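Visitor: I'd like to learn how to read a model like this one. Could we go through it feature by feature?

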Amino acid sequence: MENCLFCKIINGEIPSSKVYEDDEILAFKDISPMAPVHILIIPKTHIDGADKLNESNSAVVSKIFTVAAKLAEELKLENGFRIVTNVGEDGGQTVRHLHFHLLGGEKLNTKLC
Ligand code: 5GP
Ligand code: ZN
């Protein structure tokens, strides 16, 4: 997808600190972390956001959650972590490419909004 920041990260036009990659998924460190661990996990196929998931493209979400569990184990987040996806303007989504924030490494604020 032209002009999509995360598609540019996927194709290497913009550098990132990668922590996981396979054929379908990329995970990299957020550029302005909000917790000691703040990783973005994204599908390599462009999907605008969780509002655009459907029966034909949503299988990757279960794979993303499997990667999240694997990363959480590797990063020793055994005390817990949070997975967040913002959707659209009201949801605070600034990059319109589906992504899941994996946050942890400290006691997180329990206020959800
Ligand atoms: P959103 O606000 O859409 O839920 O999350 C977008 C996230 O992407 C933000 O947490 C922001 O810090 C991160 N971000 C924006 N630009 C870049 C970038 O160029 N590189 C990386 N690694 N993260 C970015
Ligand atoms: Zn994209």
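Guide: Let's start with salt bridges: one counts when a side-chain nitrogen of Lys or Arg is within 4 Å of a carboxyl oxygen of Asp or Glu. This is a predicted model, where local features need pLDDT of at least 70, side-chain atom pairs count only at pLDDT 80 or more, and totals for chains, interfaces and linings use all residues. Residues are numbered from 1 along each chain as its sequence is written, chains are lettered from A and ligands numbered from 1 in the order in which they are written, and side-chain values use heavy atoms, with hydrogens and water left out.

Visitor: How many salt bridges does the structure hold?

Guide: Four. In one of them, Glu 24 meets Lys 63 at 2.8 Å, N to O. Glu 24 sits in the loop between E1 and E2 and Lys 63 in helix H2, so this pair ties together parts 39 residues apart in sequence. Helices (H or I, at least four residues) and strands (E, at least two) are DSSP runs, numbered from the N terminus. Another bridge joins Asp 51 to Arg 96, with the closest N and O atoms 2.6 Å apart. Here Asp 51 is in the loop between E3 and H2 and Arg 96 in the loop between E4 and E5, 45 residues apart. There's also a network of salt bridges linking Lys 18, Glu 21 and Lys 44.

Visitor: Which residues of H2 are buried?

Guide: Buried means under 20% relative accessible area, exposed over 50%, and partly exposed in between (1.4 Å probe, protein chains only). In H2 the buried ones are Val 60, Val 61, Ile 64, Val 67, Ala 68, Leu 71 and Ala 72. They cover an arc of only 135 degrees around the axis, so they are on the same side of H2; the arc is taken from the directions from the helix axis to the C-beta atoms. As a rule, an α-helix has 3.6 residues a turn, so residues three or four places apart point the same way. On the other side of H2, Ala 59, Thr 66 and Glu 73 are exposed.

Visitor: Which residues are the protein donors of the zinc ion?

Guide: Donors are N, O and S atoms within 2.8 Å of the metal (3.2 Å for Na, K and Ca); water is not among the atoms, so sites may look incomplete. For the zinc ion (ligand 2) they are Cys 4 (SG), Cys 7 (SG), His 46 (ND1) and His 97 (ND1), at 2.1 to 2.3 Å. In sequence their spacing is C-x2-C-x38-H-x50-H.
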